[in-house]
Amino acid sequence: MVLDNIEKLVNKYENGETSLSEEQELRLYFSQKKTAPHLKSYKTLFNYYQANQNEDCTKKITLTTKKNYKWLAIAAIFILSLGIYFKSNFTPKINTVAKLTDKERATFYEAKHVLSLIGTNLDKGLMHFKTAQLTSTNFTKGAKNIVYAKKFTQTTNKLLKQ
């Protein structure tokens, strides 16, 4: 009866469901010299916990954090200021369409129209590519379903032969 109760407590202990009093009962059982042979591994475990319960770390740990973030902050500020300086000085000045001559304006609108046509044709080509990709995906799904059909046929044939 006691062994049956101990086995139940061990199962509860493994699942993390024991209370402190139940764990104390397990410690008392496993501290005895005579335990069930199939529970010897638990005896080692509970004796280890009991032996190391009062263990303390006496080594003094010193933390040294001598990281010099001052130079890192200075470098970050320097790089940031360089980025701002070069961005403001080297950005091209964009002319508005109104400031262009008639010939430049005509060339601008012609280039804009050509680029718009290229973009439209690229979109049409991408639509055809997406259709081909969808067809390929559906073909792959169909091929996978064929494998399932073959397995079903094999299983059916085995059943019918028996």
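Predicted model: local features only at pLDDT ≥ 70, side-chain atom pairs only at ≥ 80, totals over all residues.
**Salt bridges within the helices**

Let me begin with lysine 8, which is exposed, its relative accessible area being 51%. The side chain of lysine 8 forms a salt bridge with that of aspartate 4, with an N to O distance of 4.0 Å. Aspartate 4 is partly exposed, at 38% relative accessibility. Both residues belong to helix α1, which covers residues 2–14; because they are four residues apart there, about one helical turn separates them.

Is glutamate 23 buried or exposed? Its relative accessibility is 18%, so glutamate 23 counts as buried, the cut-off for that class being under 20%. Arginine 27, by contrast, is partly exposed, with a relative accessible area of 24%.

Finally, I turn to helix α5, which runs over residues 102–161. Which residue does aspartate 102 meet in a salt bridge? The partner is arginine 105, and the N to O distance between the side chains is 3.2 Å. Here the spacing is three residues, which again means a separation of about one helical turn. Aspartate 102 counts as exposed at 60% relative accessibility, whereas arginine 105, at 25%, counts as partly exposed.

Definitions and conventions
Residues numbered from 1 in each chain as written. Heavy atoms only, no water. Helix = DSSP H or I, 4+ residues; strand = E, 2+ residues; numbered from the N terminus. Buried < 20%, exposed > 50% of the residue type's maximum accessible area, 1.4 Å probe, protein only.
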